[in-house]
Amino acid sequence: MYKYFLRYIISVLFLLGLSVQANADFKVGFVYVGPTGDHGWTYQHDEGRKAVEAAGIKTTYVESVPEGADAERVIRQLAQSGHDLIFTTSFGYMDPTNKVAKDFPNVKFEHATGYKREHSNVSTYSARFYEGRTLLGHMAGKMTKTNVIGYIASFPIPEVIRGINAMTLAAQKVNPDIKTKIVWVFTWYDPGKESEAAQALIDQGADIIMQHTDSTAPVQVAEKAGVWSFGQASDMQRFAPKSILTSIIDDWAPYYVERSIAARDGTWKQQDTWHGLKEGMVAMAPYNSAMGSDLVKEVEQLQKDLASGKTHSFTGPIYDQKGNILVAEGSVADDGMLAGMNVYVKGVEGDIPQ
Amino acid sequence: MIKIEKRNDVSPSIYFLTPILAIFLTLFGGGIIFYVLGFNPIIALKFFFITPISDLYGFSELLVKATPLCLIAIGLSFCFKSNNWNIGAEGQLIFGGIVGGGVALLFYGHDGFYVLPIIILSGAIGGMIFAMIPAVLKTYFNTNEILVSLMLVYVAKLLLDYLVVGPWSNPEGFNFPETRQFSESARMPILFDGLRIHAGIFITLMTVFLSWLILYKTYLGFQIKVSGLSLKTAKYAGYKGETMIIIVFMISGACAGLAGVGEITGPIGQLHRNISPDYGFTAIIVAFLGRLNPVGIIFASLIVALTYLGAETAQIFLQVPKYTGQVFQGMILFFLLGSDYLLFFKIKFLGLKKNEL
């Protein structure tokens with residue numbers, strides 16, 4: 001009996017030893033809010049993680065971590081188990097990330113889409129998705145017959161409102177008669193709600209459907225109804241091959257690889273990153289040839305101009321819904337204004353939910 | 001021919017041993033699943049059930065996670081024991097959180113020892129009121145409490161969504177769907193520096209003791225148990241069934257409300273849309289695993305909490321899919337119900353008789 005017990009103890013110690021030894025390598029951890037198979041937000045972050053792995057750096061991820069009390073524990077566990085750099089990829093992880101960062105000064109933290117950097121080992125990063133929205137607006141303005149653009153929006157936060165405004169401004173430029181109709185679904189991922197919203201917008205006369213939510217449901221509804229649509233976060237073309245004109249792709253891979261290598265080599269520094277088409281953090285899926293080669297050429301040119309800085313998504317004059325001037329003629333909106341945007345531009349229907 | 005017969009004599013010791021058997025069967029079944037997934041079952045189970053609680057922090061996190069589960073399950077045991085099927089503890093938790101959180105926001109910037117007790121009390125009352133809806137509808141309008149309590153979960157969720165997006169959202173929070181962080185006076189005191197374990201655990205332990213007292217030492221507890229065993233007997237004995245239904249729902253709702261307020265004033269510190277990862281539903285498993293017994297529920301809540309932590313560590317160390325945690329919870333319930341069935345019924349294999357054909 002005693003012998004077996006001893007053997008058991010030894011084997012347990014051996015296993016514990018294994019787990020301790022594995023901590024010696026440089027490791028990068030990822031915390032995801034959804035499942036890696038959502039074909040949207042989390043899927044793209046996981047593609048970025050795979051790129052880090054391909055660059056020869058060990059990675060770990062934890063998926064479907066609720067934004068409540070559990071997030072802090074998961075982040076802390078990653079820090080405790082020898083991860084040197086941790087990406088927390090949802091807004092709701094902002095406070096837990098900063099809290100854990102305080103206790104692990106030697107571990108680097110990168111929080112996506114947040115604005116709090118309370119400790120020197122916390123960076124934040126996000127993408128200028130609105131540049132992609134400008135391209136979508138251009139295409140929508142040209143392609144619509146009913147002049148009604150349907151927009152499925154998640155939460156009335158600046159990022160989403162910025163996208164609505166950028167799209168509307170670009171569409172107005174090529175088609176002054178367009179109107180943007182919005183349905184707020186108050187979720188990032190709910191195929192049921194999203195498809196209901198898409199149907200409601202189509203019933204109200206929208207012949208273009210775009211979404212700031214992550215499931216593939218809206219493009220599938222659009223495909224069935226025979227209207228145009230745009231994919232979100234990843235290339236959703238295969239879910240609606242006829243309907244999708246293009247998708248805005250979040251390409252986190254270059255950033256994740258760059259930051260991981262920097263952290264490994266000791267050159268990592270705190271920063272607030274806001275990259276767009278220029279750096280490739282926002283990319284466009286192949287354009288649907290159904291919109292005609294002329295329009296494709298136009299959009300490709302616009303994409304180049306946005307990337308080079310020749311064109312800006314928010315160039316004055318820009319008016320709000322009541323006709324007050326927001327950005328004067330000849331100037332462009334600065335990043336501070338973009339970051340806190342909380343009014344609709346002229347041409348958007350309805351009020352922002354408060 | 002297979003014949004199923006009810007067993008007349010079920011030994012009480014076996015009745016309390018079957019949950020443990022169910023856990024072992026789950027471990028065994030889990031080992032097989034890990035093996036099929038291509039992991040060494042022993043190592044995987046070690047990361048699942050031992051690593052998460054191998055240090056002080058891990059153990060404290062287990063208690064943080066088990067606290068709301070235990071609290072809700074204790075409340076549910078009153079309902080379930082008396083044959084009232086309250087499935088909506090999640091809604092009562094959220095509504096308790098809403099009321100408690102509202103009071104916390106009302107006291108924003110106030111200091112004083114009285115703030116936290118008022119918040120906790122209002123959370124319990126909130127949950128209690130919300131649980132009374134299905135109870136009153138059942139007693140006076142004969143509605144089905146399963147359906148009503150379940151549907152009210154979505155009412156509570158939508159109400160919380162509305163509040164954190166609109167009227168209660170943080171004025172400095174860029175419209176993000178969350179309230180302000182509560183003031184320090186509205187937060188549960190932390191018991192140890194650096195750990196998240198908070199004073200809510202005392203509330204839970206007190207509730208466990210009180211419920212044991214009520215269930216086993218009072219006339220009300222006796223009434224609850226009798227009506228659970230046989231409603232007709234209870235009526236014959238002259239117990240007021242209606243009052244009792246409302247009382248058990250009130251107790252259950254208050255417990256869920258306390259759990260909600262414990263979460264928002266404890267580890268979360270504000271109201272947002274995800275204050276509970278379905279604690280109210282998981283607590284149903286906990287209640288049954290603990291045999292609706294206060295002490296049993298304590299152990300059951302620890303075990304179920306461990307499946308959450310285990311799923312996280314197993315994914316961190318082995319990249320086992322995180323959903324195995326839910327598979328484990330499902331397996332525990334499955335094996336428990338399965339062994340219960342065999343406990344209360346016996347299956348007889350009879351040869352085919354000619355006259356039956």
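A residue is termed buried if 20 or more other C-beta atoms lie within 10 Å of its own, exposed if 12 or fewer do, and partly exposed in between, with C-beta atoms placed from the backbone. With 14 C-beta neighbours inside 10 Å, Gln319(B) therefore counts as partly exposed.

Colleagues, this is a predicted model, in which local features need pLDDT of at least 70 and side-chain atom pairs count only at pLDDT 80 or more, whereas totals for chains, interfaces and linings use all residues. Residues are numbered from 1 along each chain as its sequence is written, and chains are lettered from A and ligands numbered from 1 in the order in which they are written.

Let me stay with Gln319(B). Its phi is near 55 degrees, a positive value in a residue other than glycine. Gln319(B) lies in the loop between α12 and α13 (324-344) of chain B; helices here are DSSP runs of H or I with at least four residues, strands are runs of E with at least two, and both are numbered from the N terminus.

Is Ser64(A) buried or exposed? Ser64(A) is buried, having 20 other C-beta atoms within 10 Å. A further backbone feature is the cis peptide bond from Gly316(A) to Pro317(A), with omega near 0 degrees. Pro317(A) sits in the loop between α10 (293-308) and β13 (318-319) of chain A. For context, most residues other than glycine have a negative phi, and most peptide bonds are trans.

I turn to the sheet of chain A. Its 6 strands form an open, mixed sheet in the order β7-β6-β8-β9-β10-β12, where two strands pair if DSSP finds at least two bridges between them. Why is one side of β7 (179-184) and of β12 (282-284) in chain A left without a neighbour in the sheet? Both stand at the edges, each with a single partner strand. From one strand to the next, the twist averages 20 degrees. Within the sheet, β8 (208-211) and β9 (228-233) of chain A pair in the parallel sense over 2 bridges, and Ile208(A) stands opposite Trp228(A) in β9(A). Helix α7 (191-203) of chain A packs on the sheet, touching β6 (148-153), β7 and β8, and its direction makes about 160 degrees with that of β6(A). Such axes are lines fitted to C-alpha atoms, for helices over the stretch in contact, with angles from 0 to 180 degrees between N-to-C directions.

Next, the interface. In total, 25 residues of chain B are in contact with 28 residues of chain A, contact meaning that C-beta atoms, placed from the backbone, lie within 7 Å. Which helix gives the most to the side of chain B that touches chain A? That is α12(B), with 5 residues.

Finally, chain B overall. Chain B has 13 helices and 2 strands. Its radius of gyration is 22 Å, close to the 21 Å that the globule rule gives for 357 residues, so chain B is as compact as a globular protein of that length. This radius is taken over C-alpha atoms, and the rule is 2.2 Å times the number of residues to the power 0.38. Buried residues make up 48% of the 357 residues in chain B.

Terms used. Two residues are in contact if their C-beta atoms, placed from the backbone, lie within 7 Å.
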